[in-house]
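Hi everyone, thanks for coming. Have the sequence and the structure open as I talk, and stop me whenever a term is new.

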Amino acid sequence: MAVPNMFIVHVSDAPASARFYSELFDMRPSFETPGFVAFELAGGVQLALWSRASHDLTPPRTSELCVTLAGGPERIDRQYQDWARQGVTTVREPHDEVFGRTFVVADPDGNLIRVAPVD
């Protein structure tokens with residue numbers, strides 16, 4: 001059975017994006033080259049940043065990374081405030097959805113990062 005174990009985010013500058021994600025999530029890369037940087041996540045899953053992919057890859061963005069946090073709406077709002085102070089680009093400020101409090105920010109290339117409550 002094939003199980004996904006790597007999520008690739010296409011970026012314009014992998015090392016610069018790696019600095020952004022390192023600071024945002026307080027984690028360090030496990031693998032680095034000039035065009036590809038990977039981070040180890042839980043359960044053997046990796047988040048990879050790739051800047052040497054085909055330049056023909058320009059479909060509309062249809063995905064987002066999601067960070068789930070325990071602690072209720074107050075925790076979601078605190079995370080938003082922390083990232084806003086760091087200058088992270090806000091796409092959608094904290095608001096309530098059917099699944100709970102959430103907000104969306106973007107990395108330097110416009111890739112979406114959603115914060116939501118743990119289900």
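This is a predicted model: local features need pLDDT of at least 70, side-chain atom pairs count only at pLDDT 80 or more; totals for chains, interfaces and linings use all residues.

Residues are numbered from 1 along each chain as its sequence is written, and side-chain values use heavy atoms, with hydrogens and water left out.

Let's begin with the sheet. Four strands make an open sheet with mixed pairing, in the order β1-β4-β3-β2. Strands here are DSSP runs of E with at least two residues, helices are runs of H or I with at least four, and both are numbered from the N terminus. Two strands pair if DSSP finds at least two bridges between them. β1 and β4 run parallel and are joined by five bridges. Across the sheet strands β1, β3 (36-40) and β4 lies helix α1, residues 14-25, at about 25 degrees to β3. That angle can run from 0 to 180 degrees between N-to-C directions, using axes that are lines fitted to C-alpha atoms, for helices over the stretch in contact.

Is Q46 buried or exposed? Its relative accessible area is 17%, so Q46 is buried; the cut-offs are under 20% for buried and over 50% for exposed, with partly exposed in between (1.4 Å probe, protein chains only). Residues that Q46 touches include N5, F7, S30 and L41, leaving aside those up to four places away in sequence. Contact means heavy atoms within 4.5 Å.

Finally, the rings. There are seven aromatic pairs in the structure. In one of them, F31 and F36 have ring centres 6.1 Å apart and planes at 65 degrees, so this pair is edge-to-face. Rings of Phe, Tyr and Trp (its six-membered ring) pair if their centres lie within 6.5 Å; planes under 30 degrees apart are stacked, over 60 edge-to-face, and the rest tilted. F31 is partly exposed, at 44% relative accessible area.

W83 and F103 are also edge-to-face, 6.0 Å centre to centre with 80 degrees between the planes. This pair links distant parts of the chain, 20 residues apart: W83 is in helix α2 (residues 72-85) and F103 in strand β7 (residues 100-106). Both W83 and F103 are buried.
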